[in-house]
Amino acid sequence: MELRVLHYFLAIAREENMTRAAQMLHISQPALSRQMMQLEAELGVKLFTRSNHNIILTEDGMILKRRAQEMLALAEKTRQDLR
């Protein structure tokens with residue numbers, strides 16, 4: 001699990017839309033979808049309930065959202081401490 005992928009996951013969770021998240025991240029929507037499918041496969045859980053217009057986090061997705069926020073905050077704090 002890479003920090004970059006967690007950043008992508010949080011963007012999707014925030015936007016609740018894969019296309020808007022991809023635009024915000026400046027990557028293609030298929031590439032973002034592929035990254036999320038790989039993350040779900042790596043973790044062995046479904047993170048999103050997808051529909052045509054929005055994306056809703058599953059219970060596992062909500063757990064990952066909290067942990068991803070913690071991990072990214074810790075990574076940023078570590079960068080700042082080392083400067």
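Reader: Why are helix 1 and helix 3 called roughly perpendicular to each other?

Author: In this predicted model, the axes of helix 1 (residues 3–15) and helix 3 (residues 29–43) cross at roughly 110°. Angles of 65 to 115 degrees count as roughly perpendicular, and therefore helix 1 and helix 3 get that description. Their axes come within 10 Å.

Reader: Which residues make the contact of helix 1 and helix 3?

Author: Helix 1 contributes Arg-4, Val-5, Tyr-8, Phe-9 and Ile-12. From helix 3 come Leu-32, Gln-35, Met-36 and Leu-39. By class there are 7 nonpolar, 1 polar and 1 charged residues in the contact of helix 1 with helix 3.

Reader: Which residues make the contact of helix 1 and helix 2?

Author: On helix 1 they are His-7, Tyr-8, Ala-11, Ile-12, Arg-14 and Glu-15. On helix 2 they are Met-18, Arg-20, Ala-21, Met-24 and Leu-25. This contact of helix 1 with helix 2 divides into 7 nonpolar, 1 polar and 3 charged residues.

Reader: What is the largest nonpolar core made of?

Author: The largest nonpolar core has 21 residues. Those with the most contacts inside it are Phe-9, Ile-12, Leu-32, Met-36, Leu-39 and Phe-48. Helix 1, helix 2 (18–25), helix 3, strand 2 (55–57) and helix 4 (59–82) each give two or more residues to this core. Helix 1 provides the largest share, 8 residues.

Reader: What is Ile-12 in contact with?

Author: Beyond its neighbours within four places in sequence, Ile-12 is in contact with Asn-17, Met-18, Ala-21, Leu-32, Met-36, Phe-48 and Ile-55.

Reader: How do you know whether Asn-17 is buried or exposed?

Author: Asn-17 has a relative accessible area of 13%. The limit for buried is under 20%, so Asn-17 is buried. Asn-17 is found in the loop between helix 1 and helix 2. Not counting residues up to four places away in sequence, Asn-17 touches Ile-12, His-53 and Ile-55.

Reader: What makes the phi of Glu-16 worth a remark?

Author: Most residues other than glycine have a negative phi. Glu-16 has a positive phi of about 55° although it is not a glycine. Glu-16 is found in the loop between helix 1 and helix 2.

Reader: How do you know whether His-26 is buried or exposed?

Author: His-26 has a relative accessible area of 71%. Exposed means over 50%, so His-26 is exposed. His-26 is found in the loop between helix 2 and helix 3, and has a positive phi of about 60° although it is not a glycine.

Key: Residues numbered from 1 in each chain as written. Predicted model: local features only at pLDDT ≥ 70, side-chain atom pairs only at ≥ 80, totals over all residues. Heavy atoms only, no water. Axes fitted to C-alpha atoms, helices over the stretch in contact; angles between N-to-C directions. Helix = DSSP H or I, 4+ residues; strand = E, 2+ residues; numbered from the N terminus. Parallel < 35°, antiparallel > 145°, perpendicular 65-115°, else oblique. Contact = heavy atoms within 4.5 Å. Nonpolar A, V, L, I, M, F, W, Y, C, P; charged D, E, K, R; others polar. Core = buried A, V, L, I, M, F, W, Y, C linked by side-chain atoms within 4.5 Å. Buried < 20%, exposed > 50% of the residue type's maximum accessible area, 1.4 Å probe, protein only.
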